[in-house]
Amino acid sequence: MPTYAYKCRACAEEFELSRPMSESSAPADCPAGHADTVKLLTTVAIGGRAGGSPGAAPSGGGCCGGACGCG
């Protein structure tokens, strides 16, 4: 189940709720009981390197297989 972050406008408390995506837009009361909250925009970071080893050069996937006219 996704976790959504919220911030209370009354007390500035930030909190998270796990809820179904179908309820992502539903109002959320802060833990102190205030109803004036806003859902925060959160991001997901995905990292890594091609080949899995530090310093490895990326391989494959370029257009220089003959179709783009480079090289």
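Guide: In this predicted model, strand 1 and strand 3, the latter spanning residues 37-39, run antiparallel and are joined by three bridges.

Visitor: How many bridges link strand 1 with strand 2, and in which sense do the two strands pair?

Guide: Strands count as paired once at least two bridges are found between them; here strand 1, residues 3-8, and strand 2, residues 14-18, pair over five bridges in the antiparallel sense. Lysine 7 takes part on this side as well, with glutamate 14 as its bridge partner in strand 2.

Visitor: What should I look at in the hairpin of strand 1 and strand 2?

Guide: Five residues lie between the strands of that hairpin, and alanine 12 takes a positive phi there, near 65°.

Visitor: Turning to the cysteines, how many disulfides does the structure hold?

Guide: A disulfide requires two cysteine sulfur atoms within 2.5 Å, and the structure holds zero of them. For cysteine 8, which is in no disulfide, the nearest cysteine sulfur belongs to cysteine 11 and is 3.6 Å away. Cysteine 30 is likewise in no disulfide, its nearest cysteine sulfur being that of cysteine 8, at 3.7 Å.

Visitor: Why does cysteine 8 count as buried, and why does cysteine 30 count as buried?

Guide: The general idea is a cut-off, because buried means under 20% relative accessible area. Cysteine 8 has 1% relative accessibility and therefore counts as buried, while cysteine 30, at 4% relative accessibility, counts as buried too.

Key:
Residues numbered from 1 in each chain as written. Predicted model: local features only at pLDDT ≥ 70, side-chain atom pairs only at ≥ 80, totals over all residues. Heavy atoms only, no water. Buried < 20%, exposed > 50% of the residue type's maximum accessible area, 1.4 Å probe, protein only. Helix = DSSP H or I, 4+ residues; strand = E, 2+ residues; numbered from the N terminus.
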